[in-house]
Amino acid sequence: MPIADTVLERIRRVTRLPKVALHEPTFGGNELAYVTECIQTGWVSSVGEFVNRFEHDLADFTGAAHAVVVSNGTSGLQIILSLAGVKPDDEVLVPALSFVATANAVRHCGAWPHFVDSDYRTLGLNVDALAAHLRDVAEVRPEGCFNRRSGRRIAAVVPMHTFGHPVDMPALMELAARYRLEVVEDAAESLGSWIGNRHTGTFGRCAMLSFNGNKIVTTGGGGAIVTNDAALAKRAKHLTTTAKQPHPWAFFHDETAYNFRLPNLNAAMGCAQLERIDSFLEAKRELTRLYTEAFADVPDVELFLARPGTTVNYWLQTLILSATAADQRDAILATTNAAGQMTRPVWELLYTLPMYRACERMHTPVADDLARRIINLPSSPQLIPGVV
Ligand SMILES: Cc1ncc(COP(=O)(O)O)c(C=O)c1O
């Protein structure tokens, strides 16, 4: 049987549905009650009890000292990059294999992405390869780390925890300290992923979470900043809420800031979703077990599993094709999608996009290779009905 047909048959064994999306939200908890409460009380907009509660609950869940909710992950990342000291014309190290928002947020600060290779063990930023690259191109001066090739300051590094699989953060923190780089985590995909007992997003100076409709917890659209730095959290709240000084009626704004607030209506959904995250995570672990079993005897494909020492949210289930089967990727995507079982390739490498083609980058053989071999499988938690 052609590999595309085998993959389709094994996906169907797991999903047992004629038509299935890649990742759909589920609202079987208090979502409707909390949203209704907002409508009935009139507290639908930029402040309200659910905003405060969602921030509290997120800090509690991640173990971060502070959480500030924002309009989406991209705006949150822009703000924390800037609060971490990224200035126009700086460079920021970002993975070549990521969603476009990671690089866009850097540009929104007026800085430039500098692309880094991936790691086969994590699908995220390759710390060893980055160390070798920095040895080649970087110079640490009293004013910070500089790229000898471009002459620009390298201000920060943004690890992104791909599909919920954590980057090797202890190793990256050590490297970043040596080169005096700020670490700002793109944890958009990794709510519910830990290294040991430490949640992703709590290693660097600060991190961003996303609650876009396809994420493990959704508010329709939304995001959060998490950090242990009280001053940074306070600045983030101020900057994302138009820099208005608190006052019962006066409109005094003390700097040019942003309206990146998360409405109470969306925060209400977030509170209800977060109440159910343990069952979402359990369903996703069970889905991983079923896919592992279904693909166990299929040559040339392997389900990507958690590294020892990590707990992974399995946001998107990920199949890695062997090097020899890579040329079958598009046939697999075509067959499965035509049959109603939605699958996706990974993103186009960011340095190939028109606006990022001229950016600085290291050699990216692993990212180049992985980009041809990754297929995401249907991953909704409600595929495991008894749990969610
Ligand atoms: C890795 C990554 N970074 C950033 C984002 C941007 O988040 P948002 O859509 O909430 O702006 C997303 C998801 O959408 C993402 O997957």
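**Ligand site and domain interface**

A nitrogen atom of the ligand is 2.8 Å from an N or O atom in the side chain of Asp-186, within the limit for a polar contact (a pair of N or O atoms within 3.5 Å; within protein, one must be able to donate a hydrogen and the other to accept it, and residues adjacent in sequence count only if both atoms are side-chain atoms). The model is predicted: local features need pLDDT of at least 70 and side-chain atom pairs count only at pLDDT 80 or more, while totals for chains, interfaces and linings use all residues. Residues are numbered from 1 along each chain as its sequence is written, and side-chain values use heavy atoms, with hydrogens and water left out.

A polar side-chain atom of Thr-74 lies 2.5 Å from an oxygen atom of the ligand, and a polar side-chain atom of Glu-189 lies 2.6 Å from an oxygen atom of the ligand.

The protein chain is divided into domain 1 (3–25 + 277–383) and domain 2 (31–275), with bounds from an automatic or database domain assignment. Their C-alpha centres lie 25 Å apart. The contact (heavy atoms within 4.5 Å) takes 45 residues from domain 1 and 54 residues from domain 2.

The area buried between the domains is about 4100 Å², of which carbon and sulfur atoms give 67%; buried area is the accessible area (1.4 Å probe) that two parts lose on being put together, summed over both. Ile-277, Trp-347 and Glu-360 supply 19% of the area that domain 1 buries against domain 2, more than any other three residues.

Glu-360 also forms a salt bridge with Arg-149, the closest N and O atoms being 3.0 Å apart. A salt bridge here is a side-chain nitrogen of Lys or Arg within 4 Å of a carboxyl oxygen of Asp or Glu. Across the interface of domain 1 and domain 2 the rule finds 1 salt bridge, alongside 21 residue pairs in polar contact, both at pLDDT 80 or more.

The whole structure contains 23 salt bridges. In one of them, the side chains of Asp-297 and Arg-10 meet at 2.6 Å, N to O. Asp-297 lies in the loop between H10 and strand S12 (301–303) and Arg-10 in helix H1 (residues 3–15), so the pair ties together parts that are 287 residues apart in sequence. Helices (H or I, at least four residues) and strands (E, at least two) are DSSP runs, numbered from the N terminus.
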